[in-house]
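The tour goes from one selection to the next.

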Amino acid sequence: GGLDNLSNPPPAAPSGKTITGMVDLAPALKSKVKPDDVVFLFARPGAGGAPVAAIRATANKFPLEFELNDAMAMNPDNTLSNYTEINIMARVAKSGDVKGAPGDLEGGVAKVKVGATGVKVMIDRVRE
């Protein structure tokens, strides 16, 4: 019967409370990035405040596919699913510092709907 698989359901994913997409580097900045440079991707509430999700990767992964979800929260009370939209920011941290420093490469997308797929984030500016 068709009910056999009910006894062993797949792990439950939060319904639509993820954001997936891709981060890439603007062609003009590719020469500034080394493969082992650290890349951070943050999702922050539109009002600012602590990130609700973060990813750390390295620059050899560009274009970097990502999925943000509640499991990535730094604080279990401050998760992606608490929000309807967030801002996504990506940084190549030349300094290696999560807080960012002059010379880091950054880009972002504001007002991304939670549940969105295929979000494109372009790192296209150098932090002053």
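This is a predicted model: local features need pLDDT of at least 70, side-chain atom pairs count only at pLDDT 80 or more; totals for chains, interfaces and linings use all residues.

Beyond its neighbours within four places in sequence, V52 is in contact with A43, P45, M72, A73, N78, T79, L80, Y83 and I86. V52 itself sits in the loop between β2 and β3 (53-58). Is V52 buried or exposed? It counts as buried, because its relative accessibility is 0%.

Next, select D37, in the loop between β1 (19-25) and β2 (38-45). D37 has 6% relative accessibility, so it counts as buried too; the cut-off for buried is under 20%. Which side chain makes a polar contact with the side chain of D37? That of K94 does, at 2.7 Å. Then show the backbone nitrogen of K34, which lies 2.9 Å from a polar atom of the D37 side chain. Setting aside neighbours within four places in sequence, the contacts of D37 are K32, A57, T58, A59, V92 and K94.

Finally, colour the strands β4, β1 and β7, which form an open sheet in that order with mixed pairing. β4 (64-68) and β7 (119-123) are the edge strands; each has a single partner, so one side of each has no neighbour in the sheet. On average, neighbouring strands of this sheet are turned by 30 degrees against each other, direction ignored. β1 and β4 run antiparallel and are joined by 5 bridges. To look at this pairing, select I19 and find L68 of β4 opposite.

Notes: Residues are numbered from 1 along each chain as its sequence is written. Side-chain values use heavy atoms; hydrogens and water are left out. Helices (H or I, at least four residues) and strands (E, at least two) are DSSP runs, numbered from the N terminus. Buried means under 20% relative accessible area, exposed over 50%, partly exposed in between (1.4 Å probe, protein chains only). A polar contact is a pair of N or O atoms within 3.5 Å; within protein, one must be able to donate a hydrogen and the other to accept it, and residues adjacent in sequence count only if both atoms are side-chain atoms. Contact means heavy atoms within 4.5 Å. Two strands pair if DSSP finds at least two bridges between them. Axes are lines fitted to C-alpha atoms, for helices over the stretch in contact, and angles run from 0 to 180 degrees between N-to-C directions.
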